[in-house]
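Here are my notes on this one, in the order I'd look at things. Have the viewer open while you read.

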Amino acid sequence: MKTTSTVPVQKISKAGKNPSAVKVTKSDASAVTVNAKRKLAKDAQAMAVKTRPIAHEGAPRYLQIAHALREAIASGRYPVGAQMPTEHELCEQLNVSRFTIREAIRVLSTAGLVHRKPRAGTVVAALPDDTRYTQGIYSLRDLFQYAETTDFKYVYIGRIALSKSLAGRVSAPAGEEWIYAMAIRYEIDGERPFGVTRLYLNPMLKGIENALRSNRGPVYALIERDYGMRIDRVEQAIIGVILDEHDAANLGVPAGTPGLSITRSYFDTSGRLIELTDNIHPADRFTYRMVLRR
């Protein structure tokens with residue numbers, strides 16, 4: 001360690017162990033169908049109102065839907081253990097593709113709010129602010145989605161003279177000025193922070209400070225777009241840490257809380273280090289997931 005709702009189902013009285021002993025008339029079936037359609041229409045109207053642009057104007061539709069479903073879970077409309085509407089039902093309610101719904105559910109699953117059960121569909125697993133964020137990174141594309149589905153709020157953007165230890169990490173002379181930024185990361189619409197990020201950027205990226213303030217996606221994508229560079233590889237190191245008083249204060253936890261440090265070094269095609277990020281997470285709010293295949 002180093003410091004640093006679905007359609008309500010009415011219960012039917014027992015009529016023996018054989019399900020065929022329960023008789024449903026045509027009028028009963030018709031009433032259930034009508035009620036189900038009314039419920040879907042009512043849900044659609046409610047969701048249409050709630051799926052307004054969130055966090056950032058022009059947010060993707062799947063994030064708007066994830067936001068609406070998150071609010072529904074928080075309000076108790078879908079309590080813990082309850083089954084969420086099916087993908088087909090949500091597609092009909094919101095007039096969107098199944099892909100859009102799957103992406104919205106993926107956001108909720110990553111946030112620890114829901115999980116899928118065989119033959120049971122999507123089930124509510126926890127309430128907002130009572131979860132840990134799960135990050136699964138298998139490619140640079142996953143880093144892009146991670147940035148898109150979380151809120152990244154800068155608290156400082158400027159420059160820093162490299163200390164001897166930091167200079168060694170970026171293979172630059174001690175005292176050289178690098179671009180430095182610090183930010184707090186939240187779930188979309190979440191109130192609890194789950195990460196502190198410190199960025200160290202190569203001074204050759206002149207003027208990037210202003211671009212950072214309005215940037216929504218990952219910094220490496222900004223670099224590729226605005227500076228014509230290509231990130232060829234990313235080296236990552238994960239270690240356990242104990243949160244110092246500064247990181248603990250930023251994350252709203254006691255000093256000495258166990259945490260996870262994820263450091264990423266971004267190199268261009270010529271092998272130059274372009275970006276170094278230090279990401280600190282409280283242990284009880286963050287899970288890192290990897291899948292290894294043969």
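1. Start with Leu201, which sits in strand E7 (residues 193-201); helices (H or I, at least four residues) and strands (E, at least two) are DSSP runs, numbered from the N terminus. Residue numbers start from 1 along each chain as its sequence is written. Keep in mind that this is a predicted model: local features need pLDDT of at least 70, side-chain atom pairs count only at pLDDT 80 or more, and totals for chains, interfaces and linings use all residues, while side-chain values use heavy atoms, with hydrogens and water left out.

2. Leu201 is buried, at a relative accessible area of 1% (buried is under 20%, exposed over 50%, partly exposed in between; 1.4 Å probe, protein chains only). Not counting residues up to four places away in sequence, Leu201 touches Trp178, Ile179, Ile208, Leu212, Val219, Ile223, Ile274 and Glu275 (contact means heavy atoms within 4.5 Å).

3. On to the largest nonpolar core: 22 residues, with Leu69 and Ile101 having the most contacts inside it. Such a core is a set of buried Ala, Val, Leu, Ile, Met, Phe, Trp, Tyr and Cys residues joined through side-chain atoms within 4.5 Å. Helices H2 (61-75), H3 (87-94) and H4 (98-110) are the elements giving two or more residues to this core, and H2 gives the most, with seven.

4. A second, separate core has 21 residues, including Tyr186, Leu243, Val253 and Leu273.

5. Last, Thr263 in strand E9 (residues 258-268). Thr263 is buried, with a relative accessible area of 15%, and its side chain makes a polar contact with the side chain of Asp278 (2.9 Å). A polar contact is a pair of N or O atoms within 3.5 Å; within protein, one must be able to donate a hydrogen and the other to accept it, and residues adjacent in sequence count only if both atoms are side-chain atoms.
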